Amino acid sequence: MTEIQHHLTEDLIAAYAAGTLGHAFSVVVAAHLSLCDECRSQLEAHEHLGGAVLEDLTQETVSVGLKSAVLAGIDLPAPPEPTRITRSGIYPSAIMTALKGRPPKWKPVGGGIRQCIIEQGAEGSLRLLYIPPGRAVPDHGHGGLELTLVLQGSFHDASGAFKAGDVEVATEDVQHVPIAGEGIACICLAASDAPLRFRGWLPRLLQPMFRI
Amino acid sequence: MRNRESHVTEPLPHAEPLARPLSQQTVLLLDVRDNRSRAAFGQLFDYYAPRLKGMLLRAGMRSGQAEDVVQEVMLSIWRKADQFDPARAQASAWIYRIAKNRQIDMIRRENRPLPDELVAAEEPSVDDAGDVLALDQEGSRLRAALALLAPEQRAVIEQAYMGELSHSEITAQTGLPLGTIKSRIRLALERLRHDLKDLR
């Protein structure tokens, strides 16, 4: 495991622990946690806080039959657990599950850049990006929050250099031109809660076509 | 961005003496894990079922649906007890996670994205009593710190972890000292990674 330099913020980890993070962001968080023991231990610390709150919670009366139903249930053979889709190559389990176990279907979006849209809806979008070595993704800002997790290779922008396992947490005010590092192509997973806004007029015209 | 290391050096309240036995719930869960004790499981049910139902109702579930989830969570506790690692989690933290997983699967009708599993598939490693006790003590200190908060601060924490605040509302409220418990869990994870490497 390489040394990870760029981590999740504590509020993202807390929201994931509490189950209040949207699906697209949760996939990025779960994928980063698969690669980063620092954030994973942070998550489990937050789960201790959740557990402590649970202990102190107002108790609700449960139906009289519930306990006997549960106790009868432990004698029955356990229903088969749905098989979890496991990690494949550079893609942790959470990404492979979002891809429904199939390899990504890449679509060219110009300049040698390819993308694979995993989900897109009112809640935001989740996609994989493939950026050839040394290539730049057009200058863009964000309507909201964008998380970008590097899975292979690296990229750099005004806020620093990001290598495999690193996650960039970019807020509304960040305008950036991510440039892939030399060597191997950069593959990253990006989630945002709003469509990206490109600054130049040409990319903006092309945006509906690219759906990015 | 918050400085995620800022809590590490904060002093922890020492409200409880250090030489303290393991928390009652963790002892019961270990009895279920190691001895398949039905009596211990019954006690866990009595303790957690009313609290889990409270959590699920607060998340907006109707009573019947909440009880269905409580039933599933309790059965998962029995069936997955062999995955419980007391050097990494107290019983309540482990059960909180299982309940959140089921709650999200149920509400969204799709599986919650989860990190890669780190559970050794075959031989569970032997608990190190010192590590288990150390983690348990950190858990108790965290609980003591929570108890010392002003009521309104406490209410916000409760809302956040019961899932009543959105992600953007959570930012300012995680001011509890989680640094030392995180360090204990980190050690347990490192040991687990080491064990997993040996298994391969």
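# A walk through two chains

Among the contacts in chain B that join residues at least 6 apart in sequence, 72% link residues at least 24 apart. Keep in mind as you look around that this is a predicted model. In chain A, the corresponding share of contacts between residues at least 24 apart is 69%.

Let us start with the overall make-up of chain B. Its secondary structure consists of eight helices and zero strands, so the pattern along the sequence is simply α-α-α-α-α-α-α-α. Chain B has 200 residues, and 38% of them count as buried.

Where do the nonpolar residues gather? In soluble globular proteins, nonpolar side chains tend to be buried together. Here the largest nonpolar core has 99 residues, and A:V27, A:V28 and A:C188 are the ones with the most contacts inside it. Take A:V28 as your example: leaving aside neighbours within four places in sequence, A:V28 is in contact with A:L147, A:L149, A:V167, A:L189 and A:A191.

Three strands form an open sheet in the order β7-β6-β9, and their pairing is antiparallel. At the edges sit β7 (160-163) and β9 (179-180) of chain A, each of which pairs on one side only. Strand β6 (residues 154-157) of chain A pairs with β9(A) in the antiparallel sense over two bridges. To find one place where these strands join, look for A:H156, whose bridge partner in β9(A) is A:I179.

Next, see how the chains meet. How many residues does each chain bring to the contact? Chain B gives 61 residues and chain A gives 55 residues. On the side of chain B that touches chain A, the elements giving two or more residues are α2 (38-58), α3 (63-79), α4 (91-108), α5 (129-147), α6 (151-161), α7 (167-170) and α8 (179-199) of chain B. The residues on this side of chain B comprise 31 nonpolar, 13 polar and 17 charged.

One helix pair lets you look at the meeting of the chains in detail. Helix α3 (residues 37-55) of chain A and α6(B) have axes that come within 9 Å and cross at roughly 110 degrees. How are these two helices oriented? An angle from 65 to 115 degrees counts as roughly perpendicular, and α3(A) and α6(B) are therefore roughly perpendicular to each other. From α3(A), the contact uses A:L49, A:G50 and A:V53, while α6(B) supplies B:I157, B:E158 and B:Y161. Sorted by class, the residues of this contact are four nonpolar, one polar and one charged.

Finally, A:L49 leads us to a residue in chain B, B:L176. You will find B:L176 in the loop between α7 and α8 of chain B. Is B:L176 buried or exposed? A residue counts as buried if 20 or more other C-beta atoms lie within 10 Å of its own; B:L176 has 22, so B:L176 is buried. Apart from neighbours within four places in sequence, B:L176 is in contact with A:L49, B:L142, B:A145 and B:L146.

Conventions: Residues numbered from 1 in each chain as written. Chains lettered and ligands numbered in written order. Predicted model: local features only at pLDDT ≥ 70, side-chain atom pairs only at ≥ 80, totals over all residues. Contact = placed C-beta atoms within 7 Å. Helix = DSSP H or I, 4+ residues; strand = E, 2+ residues; numbered from the N terminus. Nonpolar A, V, L, I, M, F, W, Y, C, P; charged D, E, K, R; others polar. Pairing = 2+ DSSP bridges. Axes fitted to C-alpha atoms, helices over the stretch in contact; angles between N-to-C directions. Parallel < 35°, antiparallel > 145°, perpendicular 65-115°, else oblique. Core = buried A, V, L, I, M, F, W, Y, C linked by C-beta atoms within 7 Å. Buried ≥ 20, exposed ≤ 12 C-beta atoms within 10 Å, placed from the backbone.
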